[in-house]
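Have a look at the structure, then read on.

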Amino acid sequence: MPKKLPMQFLKGTKIYSIFTGTCPVCQEGKMYLESNPYKFSETLKMRERCPNCNIKFSKEPSFFYGAMYVSYAVGVAIAIAAFIISFFFLGLNQNYSFLVIILTLIVLFPIILRLSRNIWINFFFKFNGKLSN
């Protein structure tokens with residue numbers, strides 16, 4: 001019996017494609033050339049097409065510029081979460097909470113970039129409905 005991945009139960013949903021960085025259409029092929037987002041020179045390097053279903057990821061030149069808006073929203077959500085945790089749960093004062101927000105955003109920056117692109121591309125592509133085992 002093949003080993004199931006932790007997020008396998010979400011397969012077929014946009015959430016699966018967003019958090020795994022897989023093709024939004026087939027959810028099999030990986031979008032990024034390098035799986036580690038902390039290899040900074042490779043963070044945003046994507047395949048032109050899905051290796052599984054051959055869909056072209058970029059619909060037009062500068063397609064992923066729209067992901068900047070998503071990145072802003074994701075960054076704000078993470079900053080709010082960092083503030084709530086540091087200020088209300090850890091009891092840090094406002095200055096230290098501000099530092100926690102800055103450090104959190106710096107550390108998570110590569111993940112925010114990829115997550116934003118994944119969310120953006122999932123606005124425009126739909127899962128084809130065929131699940132493979």
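## Salt bridges

E28 and K11 join up through their side chains in a salt bridge, at 2.5 Å from N to O. To count as a salt bridge here, a side-chain nitrogen of Lys or Arg has to sit within 4 Å of a carboxyl oxygen of Asp or Glu. This pair ties together distant parts of the chain: E28 is in the loop between α1 and α2, K11 is in the segment before α1, and they are 17 residues apart. Helices here are DSSP runs of H or I with at least four residues, strands are E runs of at least two, and both are numbered from the N terminus. K11 is buried, at 13% relative accessible area, while E28 is partly exposed at 35%. Buried means under 20% relative accessible area, exposed means over 50%, and partly exposed is in between (1.4 Å probe, protein chains only).

How many salt bridges does the rule give? The count comes to 3. Another one links K39 to E34, at 3.7 Å from N to O, and K39 is partly exposed at 40%. E42 and K45 also pair up, with their closest N and O atoms 3.6 Å apart. Both ends are partly exposed: E42 has a relative accessible area of 25%, and K45 has 40%.

## How to read the model

This is a predicted model, so local features need pLDDT of at least 70 and side-chain atom pairs need 80 or more, whereas totals for chains, interfaces and linings use all residues. Residues are numbered from 1 along each chain as its sequence is written, and side-chain values use heavy atoms, with hydrogens and water left out.

A search of the whole structure turns up 0 disulfides, a disulfide being a pair of cysteine sulfur atoms within 2.5 Å. C53 isn't in a disulfide either, as the nearest cysteine sulfur, that of C23, is 3.7 Å away.

N54 lies in the loop between α1 (14-20) and α2 (67-89). It is partly exposed, at 46% relative accessible area. The C-alpha atoms of N54 and G29 are separated by 9.0 Å, with the two residues 25 apart along the chain.

## A nonpolar patch

On the surface, Y72, V76, I80, I84, I85, F88, F89 and L90 make up a nonpolar patch with about 890 Å² of accessible area together. Patch residues have over 30% relative accessible area and no salt bridge; nonpolar side chains (Val, Leu, Ile, Met, Phe, Trp, Tyr) are joined within 5 Å, like charges within 9 Å. Areas come from the Shrake-Rupley method with a 1.4 Å probe, and for residues only the protein chains shown count as cover. I84 sits in helix α2 and is partly exposed at 35%.

## The second largest pocket

The second largest pocket holds about 310 Å³ of space. Of its 16 lining residues, F19, T20, G21, S35 and R114 are the closest to the centre. α1 and α3 (94-124) are the elements that give two or more residues to the lining, and α3 has the largest share, with 4 residues.

A pocket is an open set of points on a 1 Å grid over the protein atoms alone, where a 1.4 Å probe fits and protein lies on both sides within 12 Å along at least five of seven lines; lining residues have an atom within 4 Å of a point. The volume is the space filled by probe spheres set on the points, which are joined across faces, edges and corners.
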